[in-house]
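This report describes one structure for a reader who has not seen it before. The sequence and the model come first, followed by the text.

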Amino acid sequence: MKKIFILAILLLGAAPALGLTITRDTTWQGEREIREEVRVESGATLTIRPGSKIIFHSGHLEIAGRLIAEDADFRGSGWGGILLKGCDNSTIIRNCSIAGAKTGLFIGGGAPRIEGTTLQNNEVGIELKQQSTATLKDCRISGNRKVGLFIKDESSPHVSGCSISKNGKYGVYIYRSRPAGFTGNTLSENDTALMISNAGSDPRIQGNIFSKNKIAILVDRAARPLLTENFLRDNQTGVRLYRRADAAIDGNRFERNHEALSIAYSSYPRIHYNDFVGNRRAVFLEFQSSNWEKSNGSTVRESEAESRGAFGQSSGHAADAEARRRPDAELNGTIDARHNWWGEEGNRELNRIGTSGNPSFIHDGRDAPTFVDGGKEWPLDRVNFTPWQSAPLRRAKESL
Amino acid sequence: MKRIDLRRLSLLLLAFILLAGVSACNKGQESGLSGTVLFQDQPLSGTQIEIYLKEEQDRATLPFATTSSDTAGRYRIALPSGRYYLIAKKKVESGGGPTRMLMAAAPLNPLDLQGGSKELAPFNLREMGRDGALVAEADTGVKGRIVHDRKPVANAFVYVYSEKSAGLIGPSYGEAVRSASDGTFSIPLPAGKFYLAARKRGDGARSGDLAVGDLNGSWQKNPVTLNHGETTDLGDFHVSIVKEESRKERLQQGKFALTDTTLHGRMVDQDGKAVRGVYAFAYLDSRMVGKPVYISAATGADGRFELRLGDGGTYYIGARSTFGGPLEPGEWVGTYDARPNHMVAIKKGEVLDLDRIIVREVW
């Protein structure tokens, strides 16, 4: 009887679907073509058996109940992707492939588990919203046209062991969110491998490898992550701090980057116990002045906040929290970069020039004393590199 | 010596002349608006009634006309034919305590007046916080649990409206809170009468067009009357799935209604390629903030849009791929830029081709 039932399911599966609401437990196996929306209602489970191939000519697969998919292939051209709406951790997508969608996998809330799954050639690989606490483990997120993994709306997923490469604009974009874990991932050959943006984005980014990206990590608009024990090598820029990005950069290894660390526009990080090895330049400062910040910072931040109407025009609204500086940030004309290892060559140079010298691997106010803004000259901050380490710290691992 | 603002003076004079003219012409049958203003359902005297020609009571201009309510909360103001926005305000000083501002826009704004006198339905003012939200009273509010198909719904938004005339849709709610993981919600509020709605959108947004499959519902026993110092427990608040038919029906109404006054064009990116999934918005206020008066359907693959307007007039046109809230990365956004202030003037019954609106992705 059971065999007959499974056979009936398989036969049904051979026909193209024209819009489908699944209200009770259903199993798919084999090849299936979808042309409209398929919705799995709350309380129902859709199980997709290994080896299944689901081809979407249009529409999407929306799960309000439960999805268990293993070794299945979801593909199409411009289809709507898989939408997991409030699915708990009994929803599992394991060793699947999702390709050709607008958003390959949308996770709205809930805590589904995505393991060993490949998301490629979508516009956006995965998007998490609604405070989702999903688990993404050992996934391959590659060749998505805009963003590989988009984490928004106070979501706090665990992301580990993923390979994130060759995505169009951003490998990972963390926007007003704080992942519960972001560790053991490899991010390579992206335009920007990891974007951490806006106040409220203060995740711990630990033990990842970033290689051959244009920008490995970009921290922007008052985000304040902790970057620790990451290995950054062969990137054009290792970490770029931009617009009040007061990150903590602790125990990372920067190796063979064109520029290891770029700091601009009123960003005041803490840079301690890192290894800087073989970079063309270790630290680069531009448009960065405590004096400017003290004089103009609050006014500029107010006007920035005001210019955020629905269409980017002046909204007349008061400044929001993101525009405000971390209260404990010191504005004393220096960037705190003590206790770092500056490499064999750097160490020799520092021993030669001493604490009052001007290291060649740091570009700061010692090299360009001022910059011009608003018709006025402002002093460029200096990097405080003293004391420095006399041997590498090796806190970041080269391989995972 | 204090400088005299000639523009303001001119506007006042214009208003005076218009009002005087109307008064002289219509002694027997005066044209204007009348009604009653309330606070907590009681008549409110001494309320300033302000008439504007634009929505959002554009603070850059003086009101077109003003009056105040009498001891019975009644007001009457003479006006020529036209379209107006009525705002009611009252500042309440309380012996050494904080000053409270009561305020409300007439629920049926804009008000079309075509000669004769028009009596508006009574409406309540509400206390405004610094951000325009409702100001809660101690131990006063409402709580409950959002339920669909007998199961609790987490992360749904519960909206509190002071008036129902807008159909409990749109951003005119006074408060919105998100339900907890067990579907429960609790909203501190002042005492008064409120209308509740609950929605859960698939993309998790607080605002925006409801899609098929989203959850939507209004409280079965609206309005909810809250007393001072009491928290009312609503129990289960049922929401249901938005179906294609109900969505279509809704799109035929209100801001989405088909009319013969139309702006059309194409949404394109900076390379001139059509952009899909973008809405056109029409505002009466040049700042283009708050609630648009008309919204198009989302563009299809060809980027074409039709923005149906209820009336001729001056509109300010924007475009965006989502509704409401601050811009988020990945959204498309743009404005109609044939004029620097994004303005279009259209006559009733006219169809205008805006050619194209260039939108860009925000990152």
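Which residues does A:Glu255 touch, not counting residues up to four places away in sequence? A:Glu255 touches A:Phe231, A:Leu232, A:Arg233, A:Asp234, A:Val277 and A:Asn279, where contact means heavy atoms within 4.5 Å.

This is a predicted model, in which local features need pLDDT of at least 70 and side-chain atom pairs count only at pLDDT 80 or more, while totals for chains, interfaces and linings use all residues. Residues are numbered from 1 along each chain as its sequence is written, chains are lettered from A and ligands numbered from 1 in the order in which they are written, and side-chain values use heavy atoms, with hydrogens and water left out.

**Around A:Glu255**

A:Glu255 lies in strand E33 of chain A, which covers residues 253-255. Helices (H or I, at least four residues) and strands (E, at least two) are DSSP runs, numbered from the N terminus. A:Glu255 counts as buried because its relative accessibility is 11%; buried means under 20% relative accessible area, exposed over 50%, and partly exposed in between (1.4 Å probe, protein chains only). Its side chain also makes a polar contact with the side chain of A:Arg253, at 2.8 Å. A polar contact is a pair of N or O atoms within 3.5 Å; within protein, one must be able to donate a hydrogen and the other to accept it, and residues adjacent in sequence count only if both atoms are side-chain atoms.

**Chain A as a whole**

| Property of chain A | Value |
|---|---|
| Helices and strands | three helices and 42 strands |
| Buried residues | 54% of the 400 residues |

Among the contacts in chain A with a separation of 6 or more, 35% come from residues 24 or more positions apart.

**Chain B against chain A**

At the interface, 28 residues of chain B are in contact with 28 residues of chain A. The two chains bury about 2400 Å² between them, 50% of it on carbon and sulfur atoms; buried area is the accessible area (1.4 Å probe) that two parts lose on being put together, summed over both.

Three salt bridges are found across this interface, a salt bridge being a side-chain nitrogen of Lys or Arg within 4 Å of a carboxyl oxygen of Asp or Glu. A:Asp153 forms a salt bridge with B:Arg178, with the closest N and O atoms 3.9 Å apart.
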